[in-house]
Amino acid sequence: MVGLGVMGANLCRNLLEHGFRVDAFDSDSAKGEAIAAESRAGFRHRADLDALLAGLEPPRCLLLMVPAGAAVDESLAGLATRLSPGDIIVDLGNSHYRDSERRLAAAAAHDIRFVGCGISGGARGARHGPALMPGGDASAWPLLRDLLESIAARYDGEPCVSWIGPGGAGHFVKTVHNGIEYADMQLIAETWQLARAALGLEHDAIGRLFEAWNRGPLESYLVQITAIILQTREADGGYLVDRIVDRAGQKGTGAWSSLASFDYAVPATLLAESVYARMLSARKDQRLRVAAQYPARQLETGAATTAGTLEQALYAAKILAYAQGFELLQQASREHGWGLKPAVIAAGWRAGCVIRGALLRPAMAALAEDPDRHLVEAGVFRDALAAADGALREVVRLGVERGISLPAFGAAITYLDAIRSESLPASLIQAQRDFFGAHGFERSDGDAGVLHHYDWPDENSGR
Ligand code: 6PG
């Protein structure tokens with residue numbers, strides 16, 4: 001193990017508990033000494049990379065758990081001259097999949113086997129069982145399989161790890177996982193805000209609502225922790241959540257999935273809106289300034305929004321977020337020839353990872369039947385979406401009337417309406433493009449794919 005921060009140290013403990021021997025190195029030797037002091041059988045702290053490598057038998061397996069970015073390249077540079085053909089490097093960081101592709105090619109030039117492995121579940125997951133998403137040099141999989149399956153989370157006894165695919169596929173899948181994670185979190189946050197406004201409930205009552213919802217179709221890790229968070233009070237009785245600054249951080253993987261949605265032309269609107277929502281939240285000073293100048297007008301309508309409406313809307317929007325994420329995986333796989341198996345990915349996300357939850361079970365079943373299927377067209381989700389139509393519309397109406405910004409719910413209803421609209425106003429956009437740029441347009445009364453140009457009048461002609 002190279003890198004003994006919280007994640008690396010916990011992975012060491014997880015490996016040791018499963019009977020593996022672990023030699024470990026960190027440039028900060030205090031971190032290795034701290035684990036050594038726990039006196040766990042099979043652990044050796046190594047003072048430098050040479051000592052680490054000298055103690056391992058070929059083919060050596062190096063697990064890299066350092067911050068994504070430059071630190072990974074630095075570690076790889078340090079290892080490059082010291083490794084032998086056949087050795088394996090597994091990058092467990094949240095690396096960009098294109099970096100993993102570059103690193104894979106560079107390693108392959110020296111016959112080193114590189115694996116980019118997504119990992120989810122945070123520090124607790126690393127310690128007791130994460131979801132793992134390995135991809136890259138497939139010849140490393142038979143050698144890694146036992147190790148990764150042993151430490152991974154399990155769902156119904158099945159390990160939450162499988163070989164994802166070639167190139168940067170492993171890290172790409174983790175990136176999309178995080179895009180979905182952002183949308184899921186944003187939707188839950190918006191639901192909380194709506195519940196306060198519409199139901200007039202205190203945080204702990206809303207927490208209990210989430211608790212109840214966690215026993216139904218919304219059952220998931222994120223709903224579960226939300227229930228706990230909302231009921232957490234400090235010693236003086238005040239809610240902790242009221243004392244947390246409403247500025248969301250982000251390390252970039254959510255944005256990467258949105259950028260990928262542009263690259264692969266997949267309208268992952270909920271994912272993208274959730275990244276923008278974090279950016280907006282971070283602009284606290286600006287928000288306060290503008291709010292003081294012209295606060296949102298709140299219209300009281302007296303319409304009764306119930307907890308059931310919120311639950312139904314949250315579930316429907318969540319389906320749409322997952323549907324968008326899976327479409328992103330399907331499309332990137334087609335373009336790269338990765339051969340991703342969406343059902344296997346859904347199965348691997350059922351435990352251990354941040355987005356684990358009940359919804360992945362029907363998603364898995366639907367994708368096993370047809371790996372190319374868009375989830376909004378899968379029977380079980382189609383029915384839920386049809387049933388929730390009114391609820392989604394109701395929460396967005398409420399948000400608009402009360403001046404509550406609902407980027408993710410707004411994106412959800414807009415997306416749903418768009419993908420089932422028989423006609424969209426894009427005909428006018430085509431006309432505008434042809435007007436100023438002679439880009440051409442297809443005619444509804446003409447042959448498909450044939451572009452026509454209209455000889456539009458000059459805009460200054462007085463018409
Ligand atoms: C996981 C998470 C994790 C992520 C952090 C921080 O699956 O365990 O996705 O990998 O890096 O939660 O993410 P942000 O700082 O971008 O919110």
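**Helix packing and a cavity**

Modeller: Leu209, Phe210 and Trp213 in helix 9 meet Ala307, Leu310, Glu311 and Leu314 in helix 14; contact means heavy atoms within 4.5 Å. Helices (H or I, at least four residues) and strands (E, at least two) are DSSP runs, numbered from the N terminus. This is a predicted model, where local features need pLDDT of at least 70 and side-chain atom pairs count only at pLDDT 80 or more, while totals for chains, interfaces and linings use all residues. Residues are numbered from 1 along each chain as its sequence is written, and side-chain values use heavy atoms, with hydrogens and water left out.

Colleague: Is helix 12 roughly parallel or roughly antiparallel to helix 18?

Modeller: The axes of helix 12 (residues 269-282) and helix 18 (residues 407-419) come within 8 Å and cross at roughly 160°. Axes are lines fitted to C-alpha atoms, for helices over the stretch in contact, and angles run from 0 to 180 degrees between N-to-C directions. Angles under 35 degrees count as roughly parallel, over 145 as roughly antiparallel, 65 to 115 as roughly perpendicular and the rest as oblique. Helix 12 is therefore, relative to helix 18, roughly antiparallel.

Colleague: Which residues in helix 18 does helix 12 meet?

Modeller: The contact of helix 12 with helix 18 has seven nonpolar, two polar and one charged residue. From helix 12 come Thr269, Leu270, Glu273, Ser274 and Ala277, and they meet, in helix 18, Pro407, Ala408, Ala411, Ala412 and Tyr415.

Colleague: What volume does the largest cavity have?

Modeller: On a 1 Å grid over the protein atoms alone, a cavity is a set of points where a 1.4 Å probe fits but cannot get out, and lining residues have an atom within 4 Å of a point. Grid points are joined across faces, edges and corners, and a volume is the space filled by probe spheres set on the points. The count comes to one cavity of 30 Å³ or more. The largest cavity has a volume of about 50 Å³.

Colleague: Which element gives the most to the lining of the largest cavity?

Modeller: The lining includes Leu132, Met133, Val344, Ile345 and Gly348. Elements that give two or more residues are strand 6 (131-136) and helix 15 (342-348). With three residues, the element that gives the most is helix 15.

Technical notes:
Nonpolar A, V, L, I, M, F, W, Y, C, P; charged D, E, K, R; others polar. 1 Å grid on protein atoms, 1.4 Å probe; cavity = no way out; pocket = protein on both sides within 12 Å on 5 of 7 lines; lining within 4 Å.
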